[in-house]
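Please walk me through this structure, taking each label in turn and asking what stands behind it.

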Amino acid sequence: MEKKEHLYKILVIGDLGTGKTSIIKRYVHNFFSVHYRATIGVDFALKVLNWDENTLIRLQLWDIAGQERFGNMTRVYYKEAVGCFIAFDVTRQSTFDAVDKWKHDLDSKVQLANGQPIPCVLLANKCDQPKEGRVNNASKMDSYCEEKGFIGWFETSAKEDINIDEGARFLVKKVLENDKAHNFIQPNQDDEILHLSSNRSSKQSSTERTAGCCSR
């Protein structure tokens, strides 16, 4: 039996220096480096998942620069996305404070075919280092996720390979559920990627909560 193939566009957004590029590199290539330069504009990566014996998933991971936040171009970058990660740095409270603005910007610029927000997972990145603020309290993080419309959250470390695959699988499962429920028509995004690419300037186990959030 021929496998059913899916193509999904997934955004990775958040403030500058939160580890978005490192998360993607760990997830796609199982690789980590401390020498990444800041992403300028938008970058792309492809992850192929043999989800089950009948399903092949291709994920287009869009790494959107932190300095692009809330700019006019984000509407173009967000177009046709069906899932999102918002990352913050657990060692810098200011990057958590910015999460609400990122989520609001996301929800205002892209929706599912049924008008609902696209599923979004919050990544508390660099969890191998000392943490600041609310991320030290799992129940508060659960409440925050529920209040702000995140489907879950994970403590992650790209450096130590903590919860990167788990967080991604959690999101992809939800995307698949939405796809099945609403029969999304996947657009041909290859041309869009090539166009934007040619014009750009340039990672503890988790427990799923009944409220839909995840914690340590």
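This is a predicted model: local features need pLDDT of at least 70, side-chain atom pairs count only at pLDDT 80 or more; totals for chains, interfaces and linings use all residues.

Q: Where does lysine 109 lie, and why is lysine 109 called buried?
A: Lysine 109 lies in helix H4, which covers residues 99-109. Its relative accessibility is 15%, and because buried means under 20%, lysine 109 counts as buried. Along the chain lysine 109 is 30 residues from lysine 79, while their C-alpha atoms are 7.8 Å apart in space.

Q: What makes lysine 9 buried, and what does its side chain reach?
A: Lysine 9, in strand E1, has a relative accessible area of 0%, so it falls under the 20% limit and is called buried. The side chain of lysine 9 reaches the backbone oxygen of tyrosine 77 at 2.6 Å.

Q: How many residues does the largest nonpolar core have, and which have the most contacts inside it?
A: The largest nonpolar core has 30 residues, and those with the most contacts inside it are Leu11, Ile13, Tyr78, Ile86, Phe88, Leu106 and Leu122. Two or more residues each come from strand E1 (4-14), strand E3 (55-64), helix H2 (74-78), strand E4 (83-89), H4, strand E5 (120-125) and helix H5 (138-148). Of these elements, H5 gives the most to this core, with 4 residues.

Q: Which residues does leucine 122 touch?
A: Setting aside residues up to four places away in sequence, leucine 122 touches Ile86, Phe88, Phe96, Val99, Met141, Tyr144, Phe150, Gly152, Trp153 and Phe154. A second, separate core has 28 residues, including Ile24, Tyr27, Ile151 and Leu171.

Q: How do you know that the span of helix H6 is close to the expected one?
A: Helix H6, residues 164-182, has 19 residues and reaches 27 Å from its first C-alpha to its last, and this is close to the 27 Å expected at 1.5 Å a residue. The buried residues of H6 are Ile164, Gly167, Ala168, Phe170, Leu171, Val172, Val175, Leu176, Asn178 and Asp179.

Q: Why are cysteine 127 and cysteine 145 called buried, and how many disulfides does the structure hold?
A: Cysteine 127 has a relative accessible area of 4%, so it is under the 20% limit and is buried. Cysteine 145 has a relative accessibility of 0%, and therefore it also counts as buried. The structure holds 0 disulfides.

Q: What makes glutamate 53 buried or exposed, and where is its place?
A: Glutamate 53 sits in the loop between strand E2 (42-52) and E3. Because exposed means over 50%, its relative accessibility of 66% makes glutamate 53 exposed. The C-alpha atoms of glutamate 53 and lysine 3 are separated by 7.2 Å, although the two residues are 50 residues apart along the chain.

Q: What is the phi of asparagine 30, and why is asparagine 30 called exposed?
A: Asparagine 30 has a positive phi of about 50 degrees although it is not a glycine, and it lies in the loop between helix H1 (20-29) and E2. A relative accessibility of 52% is over 50%, so asparagine 30 counts as exposed.

Q: What makes glutamate 80 partly exposed?
A: The relative accessible area of glutamate 80 is 35%, which lies between the 20% and 50% limits, and therefore glutamate 80 is partly exposed. Its place is in the loop between H2 and E4, and glutamate 80 has a positive phi of about 70 degrees although it is not a glycine.

Terms used
Residues are numbered from 1 along each chain as its sequence is written. Side-chain values use heavy atoms; hydrogens and water are left out. Buried means under 20% relative accessible area, exposed over 50%, partly exposed in between (1.4 Å probe, protein chains only). A nonpolar core is a set of buried Ala, Val, Leu, Ile, Met, Phe, Trp, Tyr and Cys residues joined through side-chain atoms within 4.5 Å. Contact means heavy atoms within 4.5 Å. The expected span of a helix is 1.5 Å times one less than its number of residues. A disulfide is a pair of cysteine sulfur atoms within 2.5 Å. A polar contact is a pair of N or O atoms within 3.5 Å; within protein, one must be able to donate a hydrogen and the other to accept it, and residues adjacent in sequence count only if both atoms are side-chain atoms.
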